[in-house]
Amino acid sequence: MNQKNNKRLIKIIVSFLLVVISYLCRFDQELYNNILYVIAYLIVGFDIVLKAVKNIFRGKIFDENFLMTVATLGAFCIGELEEAVAVMLFYQVGELFQSYAVDKSRKSVANLMDIRPDYANVCREEETLRVDPDEVNVGEIILVKPGEKIPLDGVVVEGESMLNTKSLTGEAIPRKVTVNDEVLSGCINNDGILRIKVRKEFEESTVSKILDLVENASSRKSKSENFISRFAKYYTPIVVIIAILLAVIPSFVIKDAVFSDWLYRALSFLVVSCPCALVISIPLSFFGGIGAASKMGVLIKGSNYLEALASSEIIVCDKTGTLTEGVFKVQKIEATLCSDDDLLRYASYAESFSNHPISLSLKQAYDKEINEKLVTETEEISGKGVKAVVNGKTVLVGNEKLMEQYNIKFQKSNEIGTIVYVAINNEFAGMILIADKIKEDSYKAINLFKSNHIEKIVMLTGDRENISKDVADTLHLDEYHAELLPQDKVSWVEKLMVQKLPNRKLIFVGDGINDAPVLALSDIGVAMGGLGSDAAIEAADIVIMTDELSKIASSIKISKKTMRIVRENIVFAIAVKIGVLVLSAFGIASMWAAVFADVGVSVLAIINALRVLRIKE
């Protein structure tokens, strides 16, 4: 419990003891009882009265402090001192509980986002200095020891280690990094010592951007929050006017009406009128929803986007890096003249002097040291492949055109992807399939989308028709469009936006810089934050740090539960308030009931709002 809450608790206890003493002792002179009640009231209620006075001078009149002050001072005026103190006590107990609940929600998110590094060990002039992360320049070398947080984004230049990325991505499994691997700020170095070359200044680093996203998420209000703000603005002055009329008019209209009775009813009416439950619990529900999503590695930039997720109807995905891994690898080897290992070895040696993506994929799959002395007479044949002499044997590696140029009789493959044909000494030796691989998570994601009643799942990609069709068929997508330029994707998203129902939303998921325009255009833009480009992450409304498409389904689940809790709180709070307002007006409900309707409903609504933090994947 924080210091502010401790002080509030002490005030409540002291004031309560004074009330108990007054009640048990019942002094002969009523003056002593009244003095005790006044002291108890000042202890527990002075700060509320002071706030009310200050807010009046600031132009903020109709808030809960004003209502509680008017109601309790009015109770003093009609001789109900005991009830005035009790009302203020009950109200402060409710405020204490509310403050504790809000702190718990904020701590949950703060602990999750406790990734801000305190310092950086920078290597300067043959010594290591501990400095503030924002004092480190791009290009400098930083030293990260075991147990320390990586303070800035960079590339490993020396050492290897296992990184704990849980606070950043939500993933519990440590990730191995070695020389030339990119590392993100906010990760914790588990074991080895790493030397990292800084790529970005602290303000542009991943940890800084994430903290900024979470801290500013509440600035983009949802429709529900905007509704409550407008509701409170007009509602509170109206009930104050009604309370005044309730206190004054009956004395002139109703025969034998006692002014003090109707004043008491009006004061009770004022206490219950405060819309605290709505004003506090609705933003807290959205804050909790954003926190729950953050625990799963999903950063939602505002409560308006969290609310919009619940109305999702169409999901549009990019292919490469979103549905697929985005890394071209050797997927299949079919040798006819030698073993599969020998075929890959000959192909890798022949391609060893090339930096073409296909060459890099072959060498990565071979994953052994290449003796360049064994490779002679290399020749790159534009648009077809390479020819080289490997250990005395002539090796051809390339596409169909290369085989046809050298009159090699080969067996054409119908595999989807990039086919590399290999010939050794003018004899067909086999084929190697290089292709992007569908993410295992993509199968899970599509099934979850359909179970969440997403009406249409569409893929838009710049890749070739046959590859795109294969991915779409394999994942059972509703629709796909291939060989698109960035402007074509924009056109297709505009067409799909027209197809959805008026109050429903379209989500676009992408990771490349060419996806930035579409991310900005769609109702909800989702970027893959792990491998995605900076431009895509900036343009997106939601960032998935784990690059898992299924996290969108988890976020939709969180959104739907958040909205259900918001609706429950709105209906519950308004229903109870209207009921007690009517009872107060007719003199049936006492001020105690009025306080329960105000503070009690607020507490129950807050407890309900905190349920969203317990959502699990």
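Which residues form a nonpolar patch on the surface, and about how much accessible area do they have together?

A: The nonpolar patch on the surface is formed by Ile 241, Ile 244, Leu 245, Val 248, Ile 249, Phe 252, Val 253, Ile 254 and Phe 259, and together these residues have about 900 Å² of accessible area. The model is predicted, so local features need pLDDT of at least 70 and side-chain atom pairs count only at pLDDT 80 or more, whereas totals for chains, interfaces and linings use all residues. Residues are numbered from 1 along each chain as its sequence is written, and side-chain values use heavy atoms, with hydrogens and water left out.

A patch consists of residues with over 30% relative accessible area and no salt bridge, joined within 5 Å for nonpolar side chains (Val, Leu, Ile, Met, Phe, Trp, Tyr) and within 9 Å for like charges; a salt bridge is a side-chain nitrogen of Lys or Arg within 4 Å of a carboxyl oxygen of Asp or Glu. Areas follow the Shrake-Rupley method with a 1.4 Å probe, and for residues only the protein chains shown count as cover.

Helix 7 (residues 223-253) gives the most to the patch, with seven residues. Helices (H or I, at least four residues) and strands (E, at least two) are DSSP runs numbered from the N terminus. Val 253 is found in helix 7 and counts as exposed because its relative accessibility is 63%. Buried means under 20% relative accessible area, exposed over 50%, and partly exposed in between (1.4 Å probe, protein chains only).

For the chain as a whole, the accessible surface comes to about 29,500 Å², of which 55% belongs to carbon and sulfur atoms. Of its 617 residues, 50% count as buried. The chain has 20 helices and 22 strands. Among contacts (heavy atoms within 4.5 Å) with a separation of 6 or more, 64% are between residues 24 or more positions apart.

Two further exposed residues lie in loops. Glu 126, in the loop between strand 1 (120-124) and strand 2 (127-131), has a positive phi near 60° although it is not glycine; Glu 126 counts as exposed because its relative accessibility is 89%. His 476, in the loop between helix 15 and strand 19, likewise is not a glycine and has a positive phi of about 60°. With a relative accessible area of 56%, His 476 is exposed.

Axes are lines fitted to C-alpha atoms, for helices over the stretch in contact, and angles run from 0 to 180 degrees between N-to-C directions. Strand 11 (residues 312-317) and strand 18 (residues 456-460) run parallel and are joined by four bridges; two strands pair if DSSP finds at least two bridges between them. Ile 314 stands opposite Lys 456 in strand 18.

Leu 309, in helix 10 (residues 303-309), is buried, with a relative accessible area of 1%. Residues up to four places away in sequence aside, Leu 309 touches Ile 300, Ile 507, Ile 524, Ile 542, Ser 555, Ile 556 and Ser 559. The C-alpha atoms of Leu 309 and Lys 505 are separated by 7.4 Å, although these residues are 196 residues apart along the chain.

Another open sheet has six strands in the order 12-17-16-15-14-13, with antiparallel pairing. Strand 12 (329-335) and strand 13 (375-381) each have a single partner strand, so one side of each is left without a neighbour in the sheet. Five bridges pair strand 13 with strand 14 (residues 385-390) in the antiparallel sense, and Thr 376 stands opposite Val 389 in strand 14. Helix 11 (residues 340-350) packs on this sheet, its direction making about 120° with that of strand 12.
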